[in-house]
Amino acid sequence: MSCSRMESKILGYVDGRLKEGERLEMEKHLSTCGACQLRVNEFRSVHALLDELPMIEPSAAFDLRVRARVAAEPAKQSWWAWFTPSPRVAFAASMLLLATVWVGRYSMSDPPQIDQADIPVLENYDVISSFEPLTELSQAEPADNADQQSQDM
Amino acid sequence: MARSDVQLMLDVKAGDEQSFALLLHRYRRPLVNFLYRMVRNREQAEDLAQEVFLRVYRAREDYVPSAKFTTWLFRIATNLALNSVRDNRYQRMEISLDAPVTADAEDGDEKTLDVAEKHPNIEQHLVEDVQRKMIRHAIEKLPEKQRAAVLLHKYQELDYGEISKILDCSESALKSLLFRAYETLRVELAPLVAQRARQ
């Protein structure tokens, strides 16, 4: 094993994570390479030095804070809950429905009244066709169209 | 027999809040310590650890035990920590324009409660305190991904496969990352390393 190949395995050797075959191969190399042996010893020292950092304890309020945040989470609803309206929405919808029905019935009970005397006149085509204001209206229409065309040009 | 992490998480998924409390109890200390060593601020570390647990809780409905629970947990924690470190770096850059930081307010966090009782020799205690500061600062100076790799490898004792999934890299890339990190630490801590070699 060359020194460059050692690099990827040196830490595994120091912390004892190499497979048996790799460990034996490493030891064979170390027995003939002073530089790598020195590197292994130094890495062992670094590894041991890192143990000197003490652990800290989470504060007494840590668990309480996590639980409070978890409790504040909105409950997840299933897809079926989509069909179940909230009481406020249900109340508003029923009020709207009631109002619609009431307005509908009120307007149905008082339809526009037509004077019975007007009905024979409305049914008589001759009377309507000779009604003067209507004949003026049909004559004025082509003139209006001509004005519009001249403006477009 | 204690239930496994995966079983606890599946119980949380089924609506058992007590199982979540057990997971919280099991991982609160390792998570807070990992995050503290990443961000170097105790309050921030606790905030981030709370966020990790909250994300685990929120994801309970979709939880599928496809990987080890610790891989998932520390992946969330690492991503949060890396984002936080990057945000802090920008904040520090802004602050340093006006007011250079002169004191390390966090150095006192790891002091033991009863120093006199544990260290009758005050000189030895001071030496150990200086050593701890050197080690902390050496870790702090590592690039954040190397720092995360060292912390997960050394303190959480996760295997290479897990750490490479957490850091989203190949195992060979991880080994190279760890080697470079240890090389940097070896140089930074050279006086302490030499001292150990003499012992």
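Predicted model: local features only at pLDDT ≥ 70, side-chain atom pairs only at ≥ 80, totals over all residues.
Visitor: How many residues of chain A are in contact with chain B, and how many of chain B with chain A?
Guide: The two chains touch through residues on both sides.

Visitor: Which helix of chain A gives the most to the side that touches chain B?
Guide: At least two residues each come from helix 2 (10-14), helix 4 (34-50) and helix 5 (62-71) of chain A. By class, this side of chain A has 15 nonpolar, 4 polar and 9 charged residues. The most, 8 residues, is given by helix 4 of chain A.

Visitor: How many helices and how many strands are there in chain B?
Guide: Read along the sequence, chain B has the pattern α-α-α-α-α-α-α-α-α-α. The count for chain B is therefore 10 helices and 0 strands, a helix being a DSSP run of at least four residues.

Visitor: Which helix gives the largest share of the side of domain 1 of chain B that touches domain 2?
Guide: Chain B is divided into domain 1 (1-102) and domain 2 (111-199). Their contact takes 16 residues from domain 1 and 14 residues from domain 2. On the domain 1 side, helix 2 (17-39) and helix 4 (69-98) of chain B are the elements that give two or more residues. The largest share, 8 residues, comes from helix 4 of chain B.

Visitor: Why is helix 7 of chain B described as largely enclosed by the rest of the structure?
Guide: Helix 7 of chain B covers residues 144-154. Its buried residues include Ala148(B), Ala149(B), Val150(B) and Leu151(B). The helix is largely enclosed because the buried residues number 8 of the 11.

Visitor: Which residues is Ala77(B) in contact with, leaving aside its neighbours within four places in sequence?
Guide: With neighbours within four places in sequence left aside, Ala77(B) is in contact with Leu31(B), Phe34(B), Leu35(B) and Val52(B).

How values were computed: Residues numbered from 1 in each chain as written. Chains lettered and ligands numbered in written order. Buried ≥ 20, exposed ≤ 12 C-beta atoms within 10 Å, placed from the backbone. Domains from an automatic or database assignment. Contact = placed C-beta atoms within 7 Å. Nonpolar A, V, L, I, M, F, W, Y, C, P; charged D, E, K, R; others polar.
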